[in-house]
Every structure is written in structure tokens, then in C-alpha cells.
Amino acid sequence: MPSPSSYDAIILGAGAAGLFCAAIAGQRGKRVLVIDHADAPGKKILISGGGRCNFTNVHTQADRYISANPHFAKSALGRYSPQDFIDLVDAYGIAWHEKTLGQLFCDGSAKQIVAVLLEECAKGSVTIALGHAIRAVDHADGRYRVSWGDRSAEAPALVIATGGPSIPKMGATGIAYDLARQFGLKVVEPRPALVPLTLGGDETLFRSLSGVATEVVARAGKALFREAALFTHKGLSGPAILQVSSYWRHGDPVAIDFLPDAAPGWLTLAKRQQPRATVRSMLGALLPDRLAATLSERIGGGDGRLADTPDRVLGEAEKRLSGWTFHPNGTEGYAKAEVTAGGIGTDGLSSQTMAARKVPGLYAIGEAVDVTGWLGGYNFQWAWASAHAAGTAI
Ligand SMILES: Cc1cc2nc3c(=O)[nH]c(=O)nc-3n(C[C@H](O)[C@H](O)[C@H](O)COP(=O)(O)OP(=O)(O)OC[C@H]3O[C@@H](n4cnc5c(N)ncnc54)[C@H](O)[C@@H]3O)c2cc1C
């Protein structure tokens, strides 16, 4: 076997965080090697945002991230902002638009973002090695040695940027956690996040609504999101559900307000104004028809005239419609999770540099770390910001 090549830094993972970190360090004059087992870089970027990459969110702030330490992300996010990444995208003349809620997408294709990252890496003379599994990572005499395929390389700095295990068919693995443990870092238990929830038991009846979507307020614990919810053949999905899924724990209920704009007392008011109407017909005017039918059926008495329905019963119906409680029996798992929550514990890392406090030269960035953003460009912004923090510190 040839003797190991020597670099200033080896970055494991040619995804969003790894490539950006490599570009920054490389452009600072560092000799950087990026290693990835995939046959192409940035594969998750290519499938992100429906192929248009929701590359940042203009409303980025630390309270839109989930972490055992909610303050950890502040420093990196504060030093590399959405505007900084927008400036980079603009410098390449890439057209973009705000879709909704501060979410910025390419007008064209996610390929443009990968092309920016590769061009930035080229400017920094970064070497990218693809297509071979990492065989071993060792640390001795202040140097990290990484072996992959039939090659090996050494450097005084090692960056873990291998993301989390969501979407294994894209090449995602939990190697970040194995490496973290190897070097004595704690791992906050990983779990699928931004993931559809599944319904069982009595609630399997709702699966017949598969394909029906409506705007709701969804709640899990203290988290609350107003966006679309979608019924699926397995349970619940859509942005509102994906958002609350990141906060949801097994056994928790998810409450849904199907009529977030309805004023309290709207059904009793309707009784005075439209006595011949029914709960079913009132719902039919406000919600997709199949959903209106299912909800009024479950409430019971939905076909009776409002005039004949006691105010108390109408009040109870309102209450159910504004806080319909589902009891998900699980999630669709890593196969369908857009991200992984949990990960390398932030207490072992510097929030300024992403360096491991007790292991000189070791860094962790991106989704591998226990920082998980909301849906809507927040996860890429964390990838850029944490990569920037490490890339300027190496
Ligand atoms: C379908 C989908 C759509 C998404 N859309 C968006 C969006 O629009 N906006 C947004 O902000 N976020 C989105 N995300 C989340 C976003 O893609 C991730 O948060 C982001 O890619 C994390 O960047 P990363 O560099 O940390 O990890 P990744 O981009 O996952 O990169 C990790 C790299 O490490 C490599 N790797 C893994 N294991 C090994 C191993 N054992 N050996 C060698 N290499 C390894 C992988 O091949 C990969 O290239 C989406 C995710 C999915 C799945």
C-alpha cells in the first residue's frame, strides 16, 4: 500500500457541510481532502426542495432549531447568515425566489448549488475522493489517518461531516456517531425528524382520506405550526405534520385545529343565522368534502339541523374540531425522514469553531451534530453556518 498522502485537513462527507467547509479552508490556503463513499458529491442537495433546493431561510434564528442545548447554534448562525449565502448564490448569477415563509429556492435546479460548492472547492484546490468506503480512522501523535479503498491520508485536522442516517438509500449512514464515540464524544440519541407520522387502531379509518390536504394548526407538546396537513395511506404528513414530528415523542398525542380561522362560538352563531344548515354542510363549506364528511361522521349528529342541536353539543363539536387529537403509533422512519434529530452532543464541541473540546484537531459539522432545523431551508443554513465556523478555524 502506498504511504499516506499528507493534508492540513481531511473532511469526511462531500455533502452540503463537508463541501462548504472544504471550500472555505481550501481558499484560506489549507490543503484539504474530502472523502465520500458516494459516487457523486452533494447527492442530498440534488434531491432537496423537490429538485430546486430550499437553500436557506431568511427567518433563520436559533429558536428554529432543536438541540439538547438550544443556545449552541447561536454563535455559528450569527456569524454566517442567510444573506451571506444569498450573496454567494448571487455572485454566481443563480436566480432564486421566496416560495413561502422565508424559504428561498433556486428558480432552476439544485444542481446549481452543487455546482457552486464544487467551483468554490476548485478555487481552494480541494481534493475530492469519491466512491470508496472508509475502512478506518486512527489518531496518533497528533495526526489523523484515514484509510479508504486502497489509499490512506493523514492530517492534523479531521472534520466529521457525514450527516445523519436519514434516507439510507442515498448513502446515508450513522458513521458520524461511531466516530464520535470512538473519540469519546457523547451522542444524543438520534431519531427520524421531519418525517410522516403513522396512524393505527381506530385511527386507521383516516387512511381512507389519503391525498386530502388542508391548512391546519398542528401541535405536539409546546410546538405549534400553521401549515398544510396531508392524509396519507399510512397516516399524516404535509408540512405542518413534518414540523411537529421533530418534536413528537412516542406516546405523545398530536392535536390538530382543522379550522384555525374559525372564531370561538362560530357554530352557535351559525345556528342563529342558518338554522337549517347542518354541521356536515357547514364543514363542507370550509374543508375538503371527504374530510368534512369523515369529521362530521366521527363527531356524530353531523347531519341534524343546527336548529335542532343543543348549543352544548355544538360547543363540543367546535372543541373537537379545533383540537382533534390523533395518537400516532410511530413515524415512517429513516427511510422517509428528511433529517435526523439528535446526533453528536454539542456539550463536547466549541460553538465558535465546532472543534471537539477534548480531542485536538477533531471537528463535527452539519446534520451529524445535535442541531436540527425546522422544515424550510433551516437545515442547509445550519450546514453552511457550521461549515463556515469550522472552515475558518482549521
Ligand atoms: C428529500 C430531502 C429533501 C431535503 N430538502 C431540504 C431543503 O430543501 N432545505 C433544507 O434546508 N434541507 C433539506 N433537507 C435536509 C438537508 O438535505 C440536510 O440537512 C443536509 O444535506 C445536511 O448536510 P450534511 O452535509 O450535514 O449531510 P449530507 O448532505 O447528508 O452529506 C453527508 C455526506 O456524507 C456521506 N457519507 C455518509 N456516510 C458515509 C460513510 N460511511 N462513508 C463515507 N461517506 C459517508 C454521504 O454520502 C453524504 O455525501 C432535505 C433532506 C432530504 C432527505
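Which backbone N or O atom lies 3.1 Å from an oxygen atom of the ligand? In this predicted model, that atom belongs to alanine 16.

The structure is a predicted model, in which local features need pLDDT of at least 70 and side-chain atom pairs count only at pLDDT 80 or more, whereas totals for chains, interfaces and linings use all residues. Residues are numbered from 1 along each chain as its sequence is written, and side-chain values use heavy atoms, with hydrogens and water left out.

**Ligand surroundings**

| Residue (backbone N or O atom) | Distance to a ligand oxygen atom |
|---|---|
| Alanine 16 | 3.1 Å |
| Alanine 17 | 2.8 Å |
| Phenylalanine 380 | 2.8 Å |

**Sheets**

Helices (H or I, at least four residues) and strands (E, at least two) are DSSP runs numbered from the N terminus, and two strands pair if DSSP finds at least two bridges between them. Strands of a sheet pair through backbone hydrogen bonds, either parallel or antiparallel.

An open sheet with parallel pairing is formed by five strands in the order E8-E3-E2-E12-E22. Strand E8 (127-130) and strand E22 (362-364) are at its edges and have a single partner strand each, so one side of each is left without a neighbour in the sheet. Direction ignored, neighbouring strands of this sheet are turned by 20 degrees against each other on average. Within the sheet, strand E3 (residues 32-36) runs parallel to E8 and is joined to E8 by four bridges, with isoleucine 35 standing opposite alanine 129 in E8.

A second open sheet has three strands in the order E4-E7-E6, and here the pairing is antiparallel. Its edges are strand E4 (54-57) and strand E6 (96-98), each with a single partner strand, so one side of each is left without a neighbour in the sheet. The twist averages 25 degrees from one strand to the next. E4 pairs with strand E7 (residues 103-106) in the antiparallel sense over three bridges, and threonine 56 has leucine 104 as its bridge partner in E7. Helix H4 (residues 82-91) lies across E4, E6 and E7 and runs at about 140 degrees to E4; axes are lines fitted to C-alpha atoms, for helices over the stretch in contact, and angles run from 0 to 180 degrees between N-to-C directions.

**Hairpins**

Strand E9 (residues 134-140) and strand E10 (residues 143-148) run antiparallel and are joined by six bridges, with alanine 136 opposite serine 147 in E10. This hairpin has two residues between the strands, and aspartate 141 takes a positive phi near 50 degrees.

Strand E15 (residues 213-220) is joined to the antiparallel strand E16 (residues 223-231) by eight bridges, alanine 220 having alanine 223 as its bridge partner in E16. Two residues lie between E15 and E16 in their hairpin, and glycine 221 in the turn has a positive phi of about 60 degrees. E15 also runs antiparallel to strand E18 (residues 254-257), to which three bridges join E15, and valine 217 stands opposite aspartate 257 in E18.

**Helix packing**

Helix H8 (residues 266-273) packs against helix H11 (residues 311-322) at an angle of about 135 degrees, and their axes are 8 Å apart. That angle makes H8 oblique to H11, given that angles under 35 degrees count as roughly parallel, over 145 as roughly antiparallel, 65 to 115 as roughly perpendicular and the rest as oblique. Trp266, Leu267, Thr268, Lys271 and Arg272 of H8 make the contact with Asp311, Leu314, Ala317, Glu318 and Leu321 of H11, where contact means heavy atoms within 4.5 Å.

Terms used: A polar contact is a pair of N or O atoms within 3.5 Å; within protein, one must be able to donate a hydrogen and the other to accept it, and residues adjacent in sequence count only if both atoms are side-chain atoms.
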